[in-house]
Amino acid sequence: PAPPQAPRGACIRDYSELISTLLPCPVVRMADMAELRRRADEINLTHPRFREETALVVSLEQRRRHRLQRNALRLAQPHAGSFSVHA
């Protein structure tokens, strides 16, 4: 019997095809995370060769949203050294 194959890594060509056809950036950014994960699972079932790439898309989008949320919280907090011109 043939030895089991190691899982392949994400491929830039497949990633490019995935985001240009099945998961375009505007769709990824507008969908909530639960819907994005559901869509990624659906793509994995219908197009198994994109498994690594869908995981990458979901991970990158989750990281992007976390970073934006963290920045928004930081901007909403008053700065310790700030002053008011209305004093």
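The following legends describe several views of one predicted protein model.

**Figure 1. Overall fold of the predicted model.** The protein contains four helices and zero strands, where helices (H or I, at least four residues) and strands (E, at least two) are DSSP runs numbered from the N terminus. Along the sequence, the pattern reads α-α-α-α. The protein has 87 residues, of which 21% count as buried; buried means under 20% relative accessible area, exposed over 50%, and partly exposed in between (1.4 Å probe, protein chains only). Accessible areas come from the Shrake-Rupley method with a 1.4 Å probe, and for residues only the protein chains shown count as cover. Among contacts (heavy atoms within 4.5 Å) between residues at least 6 apart in sequence, 72% join residues at least 24 apart. Residues are numbered from 1 along each chain as its sequence is written, and side-chain values use heavy atoms, with hydrogens and water left out. Because the model is predicted, local features need pLDDT of at least 70 and side-chain atom pairs count only at pLDDT 80 or more, whereas totals for chains, interfaces and linings use all residues.

**Figure 2. The salt bridge between Glu17 and Arg49.** The structure holds seven salt bridges, each defined as a side-chain nitrogen of Lys or Arg within 4 Å of a carboxyl oxygen of Asp or Glu. In the bridge between Glu17 and Arg49, the closest N and O atoms are 2.8 Å apart. This pair links distant parts of the chain: Glu17 belongs to helix H1 (residues 12-22), while Arg49 lies in the loop between helix H3 (33-46) and H4, 32 residues apart. Glu17 is partly exposed because its relative accessible area is 34%. Arg49, at 39% relative accessibility, is likewise partly exposed.

Figure 3. Glu42 and Arg38 meet through their side chains in a salt bridge of 2.8 Å, N to O. Both residues lie in helix H3, four residues apart, which is about one turn of the helix. Glu42 has 32% relative accessibility and therefore counts as partly exposed. Arg38 is also partly exposed, with a relative accessible area of 39%.

Figure 4. Glu61 and Arg64 form a salt bridge whose closest N and O atoms are 2.8 Å apart. The two residues are separated by about one helical turn because they stand three residues apart in helix H4. Both Glu61 and Arg64 are buried.

**Figure 5. Asp14 and Phe50.** Asp14 is located in helix H1. With 11% relative accessibility, Asp14 counts as buried. Asp14 and Phe50 are 36 residues apart in sequence, and their C-alpha atoms are 6.6 Å apart in space.

**Figure 6. A positive surface patch.** Arg63, Arg67, Arg70 and Arg74 form a positive surface patch. Patches are made of residues with over 30% relative accessible area and no salt bridge, like charges being joined within 9 Å and nonpolar side chains (Val, Leu, Ile, Met, Phe, Trp, Tyr) within 5 Å. Lys and Arg count as positive and Asp and Glu as negative, while His and the chain ends are not counted. The place of a charge is taken as NZ of Lys, CZ of Arg, CG of Asp or CD of Glu. Arg67 lies in helix H4 (residues 51-76) and counts as partly exposed, at 40% relative accessibility.
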